[in-house]
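Take a look at the model below.

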Amino acid sequence: MKSYRKELWFNTTKRRELINITHEVQNCINESKIKEGLVLVNAMHITASVFINDDEGGLHQDYEAWLEKLAPEKPYSQYRHNGYEDNADAHLKRTIMGREVVCAITEGKLDFGPWERIFYGEFDGKRAKRVLVKIIGE
Ligand code: ZN
């Protein structure tokens, strides 16, 4: 069995962003030379997510509105976590959107349904943050 590890770095210009990282994950699979196996992709920070969904702008606005209803960013004072920080909402958003995805690799490609794409969900950005890509297989 082969294994491969890589960190992808992100530094968003906005506090919240959804970034399609499908191509970067496929590049990792290509680099690993693994043809059959599994790829794990996880955010290495507790205010960011990795998830799979549609790359459709309307849906991304719906995510923003929905997450703001569930865990509004402001007022910061509504959260007990916001003593030294102002990112309680980002921790909550990350929990809802998930930490990681695991995807099948078949014949060297992500074995996806037609509309599945991998996203990095940033909820407390404007600083360098990492995503781990771990691939096992042969
Ligand atoms: Zn925090």
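P75 sits in the loop between helix 2 and helix 3. In this predicted model, a cis peptide bond joins K74 and P75, with omega at about 0°. Most peptide bonds are trans, and most residues other than glycine have a negative phi.

Two loop residues have a positive phi. K33 has a phi near 65° and is not a glycine. K33 lies in the loop between helix 1 (22-32) and strand 3. Its relative accessibility is 57%, so K33 counts as exposed. E107, also a residue other than glycine, has a phi near 50°. Its place is the loop between strand 5 (100-106) and strand 6 (109-110). Here relative accessibility is 66%, so E107 counts as exposed.

Now to helix 2. The helix covers residues 57-70, which is 14 residues. At 1.5 Å a residue, helix 2 should span 20 Å, and its end C-alpha atoms are 20 Å apart, so the two values agree. Which residues of helix 2 are buried? They are H60, Y63 and L67. Seen down the axis of helix 2, the buried residues fall within an arc of 50°, so they line one face of the helix. An α-helix has 3.6 residues a turn, so residues three or four places apart point the same way. On the other side of helix 2, Q61 and K69 are exposed.

What covers the buried residues of helix 2? The cover includes strand 2 (17-20), strand 4 (48-53), helix 3 (88-97) and strand 7 (117-122). At the N-terminal end, E56 caps helix 2. A side-chain oxygen of E56 lies 2.9 Å from the backbone nitrogen of G58.

Helix 2 also matters for the pocket count. The largest pocket has a volume of about 180 Å³. Its lining consists of K14, R16, E17, L18, G57, H60, Q61, Y63, E64, L67, E122 and F123. Strand 2 and helix 2 are the elements that give two or more residues to this lining. Helix 2 supplies the largest share, six residues. H60, Y63 and L67, buried in helix 2, are among the lining residues.

One last stop is N42, in strand 3 (residues 37-43). Is N42 buried or exposed? Its relative accessibility is 3%, under the 20% cut-off, so N42 counts as buried. Leaving aside residues up to four places away in sequence, N42 touches V50, R99, E100, R130, V131 and L132.

Note on methods: Residues numbered from 1 in each chain as written. Predicted model: local features only at pLDDT ≥ 70, side-chain atom pairs only at ≥ 80, totals over all residues. Heavy atoms only, no water. Helix = DSSP H or I, 4+ residues; strand = E, 2+ residues; numbered from the N terminus. Expected span 1.5 Å × (residues − 1). Buried < 20%, exposed > 50% of the residue type's maximum accessible area, 1.4 Å probe, protein only. Arc of directions from axis to C-beta. Contact = heavy atoms within 4.5 Å. Polar contact = N/O pair within 3.5 Å; in protein donor to acceptor, adjacent residues only side chain to side chain. 1 Å grid on protein atoms, 1.4 Å probe; cavity = no way out; pocket = protein on both sides within 12 Å on 5 of 7 lines; lining within 4 Å. Points joined across faces, edges and corners; volume = space filled by probe spheres on them.
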